Structure formats: structure tokens, C-alpha cells
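Here are a few notes from one colleague to another, to go with the coordinates.

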Protein chains: 2
Amino acid sequence: MAPQRSTPDPLLLRAIRHEPVERAPVWLMRQAGRCDPAYRSYRDQVGLSLHALFRSPEHAVALSLLPRRIGVDAIIMYQDILTPLEPMGADFQFSPGPVLDEPLRDAAGVMRLKTCDPPRHLAFIGEEIRALRRELDGSLPLIGFAGAPFTLAAFLIEGASPGAMARTLAFATEHGQVFGDLMERLTRMTVDYLNYQAQCGVDVVQLFESVGEGIPRPLYERFVQPSHERIFGALRDGLPSILFVKGSPFPELMLDSGAAVLSVGKDTSLRELLERGAGRIAVQGNVDNRLLAQGKPEQVAAAVRACLAETGGQGHILNLNHGLLPETPFHNVLAFVQAARTARLPA
Amino acid sequence: MAPQRSTPDPLLLRAIRHEPVERAPVWLMRQAGRCDPAYRSYRDQVGLSLHALFRSPEHAVALSLLPRRIGVDAIIMYQDILTPLEPMGADFQFSPGPVLDEPLRDAAGVMRLKTCDPPRHLAFIGEEIRALRRELDGSLPLIGFAGAPFTLAAFLIEGASPGAMARTLAFATEHGQVFGDLMERLTRMTVDYLNYQAQCGVDVVQLFESVGEGIPRPLYERFVQPSHERIFGALRDGLPSILFVKGSPFPELMLDSGAAVLSVGKDTSLRELLERGAGRIAVQGNVDNRLLAQGKPEQVAAAVRACLAETGGQGHILNLNHGLLPETPFHNVLAFVQAARTARLPA
């Protein structure tokens with residue numbers, strides 16, 4: 001059953017559709033995370049592992065909603081990109097980063113992967129989304145998300161946070177056919193998973209290519225780009241979509257991905273991207289997350305204004321280059337949101 | 001002693017300086033190579049290993065000059081990018097690709113590298129260059145070259161043709177300081193080596209970043225770009241220079257390298273590069289080498305004309321995306337050169 005939307009035109013959705021906005025919408029990747037004292041104290045109180053939190057709709061809902069009090073224009077569901085890999089047979093534990101007992105290292109490992117059926121295996125995520133919709137009641141749009149297939153493959157092959165991805169790049173280059181089979185399985189899963197989220201009620205989905213900047217161009221062209229195009233081409237009709245590629249090394253390829261919004265790193269010009277997208281594409285980003293970790297609130301506010309000045313605030317979702325760093329002082333997060341909400345757009 | 005130049009303005013040098021040309025100069029990477037029947041028969045006759053040929057000025061001169069008969073506008077010295085690594089302690093053998101007995105795998109390996117003093121250790125290359133100048137006698141410009149530091153590092157670490165460079169990327173990411181030390185040593189050697197070539201009489205130098213397309217952006221920014229800038233900033237005053245990066249994944253960084261000419265892959269727009277270079281930068285390339293290996297002569301000629309049409313033939317050295325493939329039918333090489341020499345430029 002498709003959920004009803006009580007507010008027809010939240011700022012975020014208008015920005016995605018390139019409709020005029022009175023100000024650019026703002027949210028932050030990892031806005032429900034360790035830099036928020038309320039997040040840390042919630043986690044201390046419940047005392048559960050990350051693994052358990054991701055599988056508890058009650059706690060995931062509470063954590064997703066924490067940033068509502070600081071004035072963001074979207075809520076993103078609290079979840080981990082690795083969660084749908086568990087029903088495929090890869091159960092990551094967190095200690096504190098994700099660790100897999102048996103990394104995937106050969107064709108047999110790919111063959112052993114099972115099919116993830118989201119309504120059956122990830123019902124707790126569906127429940128989280130439906131509860132979030134009820135809580136939000138149309139006041140704010142809800143963002144769902146998934147890890148992109150290459151990023152998931154890198155976690156599976158490295159068996160941990162990928163770093164330089166040495167094994168992954170070697171695997172993809174030397175065993176292209178097996179790697180292609182792995183990408184195929186992960187791509188199909190990702191399509192099913194995102195469409196399941198849409199069916200449960202998310203307003204927007206974001207695909208996270210979190211290892212994007214470390215991917216050499218030949219592998220990006222051979223494996224990454226086709227997976228993005230497949231996924232954005234297979235989403236439910238009209239589902240607004242965001243492609244995040246960390247560091248955005250090849251923005252011109254992102255333009256062909258089929259995503260409605262491109263979320264890019266700090267070295268990619270938002271203005272140029274908007275121009276090249278010619279009104280088809282909105283942009284998201286791209287204030288440096290290190291500035292929020294290390295700078296003063298005035299510097300954060302100035303960076304927000306400079307970022308908005310670059311685009312004129314239209315077709316632009318204000319965000320970071322990538323996720324908030326855990327050591328970020330929370331007053332800088334507040335300064336970021338406040339600067340975005342009070343910035344004057346050109347008439 | 002600076003050599004005298006009897007023809008003051010060869011086509012190649014005018015194109016590099018963005019001076020008007022009646023037609024775009026043409027040469028081909030690996031023009032003295034296995035696709036030329038004369039090259040194969042010469043090698044059969046002398047029966048020497050590649051290792052020995054690179055160290056024999058007599059044979060290296062004869063092989064360098066073979067393409068003169070087909071009408072190219074430049075001669076590139078016959079040599080290997082790995083040759084200057086031998087005096088540093090890394091003696092590659094060819095069987096048939098380059099193989100190193102003891103790949104460089106740790107800080108101790110970096111510390112063991114010796115300093116290469118080109119006039120002392122590479123006198124046979126100086127002799128090759130001086131003999132080539134005498135033979136050419138100003139009729140054609142002579143191109144010298146070196147492998148770029150990251151490419152050399154990849155050969156040293158992999159101990160063979162780098163492929164996916166899994167070990168190299170892991171080394172550079174996980175042991176950044178040691179890798180930086182290695183890059184520093186290779187960068188200093190490359191500056192000395194190219195300036196030695198200039199002193200012996202080459203008219204132009206080309207830096208080959210032959211593994212360029214496989215380098216992820218963060219490593220490119222941290223290690224590759226600074227090495228290019230260092231090298232082009234340290235060349236003898238006024239020495240014309242070409243930067244070749246295979247596949248040119250980050251052309252906007254190449255624009256800041258300090259090279260006079262950018263030699264790019266087939267997916268980089270020459271026209272856009274010329275525009276962004278704003279008259280400071282010439283371009284080289286970028287007909288697909290696979291077309292020469294697999295296509296018909298008419299298709300090769302058409303691709304040459306299309307490539308020249310993109311730039312108008314000014315500030316453009318016609319060449320390939322990268323080296324001629326060994327299996328290329330020689331009639332396609334002839335068609336390439338002929339099409340370039342007879343193409344009409346816009347008035």
C-alpha cells in the first residue's frame with residue numbers, strides 16, 4: 001500500500017525536481033551519529049551493540065529522529081549499508097569497525113551467496129520505515145538508502161572497512177568474470193532493497209558509493225557505472241534518487257547514471273555540474289566535513305554561504321562532501337544548519 | 001655543450017608553442033616497435049635481447065630511425081623507461097615482459113636504492129642521443145623521454161608489468177611515508193635523467209605515466225600530481241615537454257602539471273582541453289590504438305580526419321591514445337601518417 005503524503009511539497013523534493021525554492025534544503029550525512037551528544041547518551045543508555053541497534057525498529061526510529069530538533073529538512077533512516085548482506089550469508093560484526101569472519105576471496109565464495117528477499121529477510125527495516133513515516137506524519141521527507149554494489153563488494157572482499165582496497169582491485173582486475181558475477185548479484189539485491197524501501201514509504205533513496213574515490217577509472221567504467229545505471233533505471237517510477245560517490249572522481253560519468261541528484265566531493269564544482277546537467281540534475285553537497293571537525297562556527301557558516309552562492313541555492317541540497325566525522329563539535333553542526341536556513345538566496 | 005639546431009622551426013616545435021602550422025605534426029607512440037616488419041627483421045638479424053639493444057647505441061640509433069621512412073614528424077629515441085632503474089639497483093630482465101628478481105616491498109628496499117648519475121651510469125643513452133642528432137642533422141626533431149615516478153614505483157613494487165597494481169596501491173596507502181620517500185628518489189632521478197637527455201641534444205621530452213589510468217584519485221593527488229609538477233618545474237629552461245598519462249583519468253590535474261603538451265586518452269576531449277588550456281597548452285593524441293590494430297585503412301584515415309577536425313589542427317600533435325599494439329597491421333600505420341600529412345586544415 002502506497003503511503004499518503006500529507007505535505008505535498010517538502011523543500012527537499014522541490015529542490016530535487018528543480019522547482020523554485022525559497023531556500024535550499026539542508027541535511028547532513030551521518031546527522032544521526034556520534035558527533036551528537038544526544039546520540040551518544042542514547043547509545044549509553046540502551047547499551048546495545050550497533051549490530052543490535054540496526055535490527056531494532058524501536059531504537060532505529062528514535063535515533064533517526066534525533067536530528068529533527070536541530071532543523072534539518074530531511075530525516076535519513078538509521079541503518080547500516082552492510083545490513084542486507086547478512087541474509088546473503090555475510091554477517092558483519094562491529095568491533096568497532098565492521099569485520100567479517102570469512103571474507104569473500106574466490107568464485108566459490110560468490111557462488112555461496114544467497115538471495116536476499118527484503119520483505120522476508122529485512123522486515124525490521126520495513127517496520128523502521130513505516131514507523132518513521134507515522135512519526136514524521138508528512139512533516140519532513142524520509143530518505144532511505146543502500147550501499148552501492150562496488151562498495152559492498154569491497155567490504156565483502158576486504159572483510160573490513162576497505163581502505164586501499166588492494167584485494168578488491170586485484171580481484172576485479174584479474175578475475176573480472178567472477179567479480180562481474182558478484183556485482184550482478186549485489187546489483188539485483190540493491191534494486192530489490194531500494195524498491196522495498198520505497199514500497200514501505202521512503203520519499204527519496206540515496207545510493208552510497210562510499211569507496212568511490214579509490215576506484216581507478218577502468219574499473220569504474222567496467223563495473224561501477226553500469227551498476228549505477230542499472231539501479232537508477234530499475235527504481236520504481238518517479239522515485240527521487242540521489243547518487244553519492246565519495247570524492248566524485250568522475251563527475252561526468254555520474255551525469256549519465258540516471259540519478260536525479262548527484263552528491264559530490266568538495267573538489268567538484270557544483271555550478272559546473274548544474275550547468276552540465278542542464279536542468280535535468282540537481283546537486284547535493286559539498287562543504288568539507290573536515291571544516292566542521294576543525295573549524296570555528298563562523299567559518300562553517302561562511303562555508304555554507306559560499307557553497308550556496310555557487311549554485312544560487314536552486315537545484316541544490318546543502319550537505320557535506322561526505323559524512324560527519326565523529327570528532328565534530330556539535331555546535332558546528334548547529335551552525336551549519338542555521339547558516340543554511342538563514343542564508344539569503346539571490347532574488 | 002648545447003647542440004646547434006639547423007632547422008629552426010620544425011612542425012612539432014611550432015605546434016608545441018601554439019604557433020600557426022600548415023598541418024598538424026604526426027608521430028606514434030611505439031612507432032619503432034613490433035608492428036613494423038623492418039623492426040622485426042632487424043631484431044631477427046642482430047639476435048640480441050631487448051636488454052642488450054637498449055644498451056647498444058648503434059642498434060638503438062638504427063631502430064629509432066626506422067620510422068623516418070614512413071613520414072613521421074618526429075623521432076623518439078629507442079629506449080626503455082626501466083633502463084635508469086638498473087644503476088639504482090633494479091635490473092629488469094625481459095622474458096618477454098620486464099621481470100625483477102627482487103621486487104621492492106619495504107622500507108629497507110627503498111633505502112637500498114642507489115643514486116643514478118646519468119652521465120656516468122647512462123652514458124650509452126647520451127651516446128645514442130648524440131648519434132641520433134648527427135644522423136637527423138636537423139631534419140626532424142628528436143624526442144627523449146622518461147617513465148614517470150609513480151609508474152616506475154609500480155614496476156619496482158610489482159616486480160613486473162603492473163597490471164592492477166594491487167601491491168603498489170596498498171603500499172602507497174598503508175605506508176605513505178615510505179612510498180613518499182621512494183617517489184622522492186625517483187622524482188630526483190627523473191629530473192636529472194631528462195635534463196641529461198636535453199644536454200645531450202633531445203629537442204623535446206615526454207614523461208610517460210603509463211599506469212596512469214589505474215591510479216585512484218587520492219593517490220594521484222597525493223603522489224602523482226606533485227611529482228609531475230616537480231619534474232616540469234625543474235626541466236632546463238625552455239625545454240619543450242609532453243605529459244602522457246595513459247587513459248588521462250584526471251585531465252584537469254594535467255592542466256596544472258606545468259607540461260607544455262598534454263597527451264591524453266581517447267575519452268578526453270582535445271577541444272575542451274585546448275579551451276581550458278587557453279592557449280598555454282597544446283594537446284597530443286588521441287586516436288584509438290585498437291582501431292589501428294583492428295580497423296581498415298579507410299577507417300584509420302577517417303579517425304585521423306575526425307581527430308584533426310576536433311582541434312582544427314592547431315596546437316595539436318596527432319598521435320594515439322597510447323602505444324601501437326604489436327599486432328597492428330603496418331598498412332594502418334602508413335594510413336595514419338598519410339592521412340595526417342594530407343588532411344586539409346580549416347583556413
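1. Let's start with B:Phe179: at 0% relative accessibility it counts as buried, because the cut-off for that label is under 20%. Please bear in mind that this is a predicted model.

2. B:Phe223 has 7% relative accessibility, so this residue counts as buried too. B:Phe179 and B:Phe223 form an edge-to-face aromatic pair, with 4.9 Å centre to centre and 75° between the planes. The pair links distant parts of the chain: B:Phe179 belongs to helix H10 (residues 176-200) of chain B and B:Phe223 to helix H11 (residues 217-234) of chain B, 44 residues apart.

3. What does H10(B) lie across? You will find E4 and strand E5 (204-209) of chain B there, with the helix running at about 170° to E4(B).

4. On to the sheet in chain B, which is open and has 7 strands in the order E1-E4-E5-E6-E7-E8-E9, with parallel pairing. Strand E1 (75-76) and strand E9 (316-320) of chain B stand at the edges with a single partner strand each, so one side of each lacks a neighbour in the sheet.

5. If you zoom in on E1(B), 2 bridges join this strand to strand E4 (residues 142-147) of chain B, and the two run parallel. Opposite B:Ile75 stands B:Leu142 in E4(B).

6. Over all chains, the structure holds 21 aromatic pairs. One of them is edge-to-face between A:Phe145 and A:Phe208, at 5.4 Å centre to centre and 75° between the planes. Both A:Phe145 and A:Phe208 are buried.

7. One more for your viewer: A:Tyr39, A:Phe54, A:Tyr78 and A:Phe94 form one aromatic cluster.

Note on methods
Residues numbered from 1 in each chain as written. Chains lettered and ligands numbered in written order. Predicted model: local features only at pLDDT ≥ 70, side-chain atom pairs only at ≥ 80, totals over all residues. Heavy atoms only, no water. Phe/Tyr/Trp six-rings, centres within 6.5 Å; stacked < 30°, edge-to-face > 60°. Buried < 20%, exposed > 50% of the residue type's maximum accessible area, 1.4 Å probe, protein only. Helix = DSSP H or I, 4+ residues; strand = E, 2+ residues; numbered from the N terminus. Pairing = 2+ DSSP bridges. Contact = heavy atoms within 4.5 Å. Axes fitted to C-alpha atoms, helices over the stretch in contact; angles between N-to-C directions.
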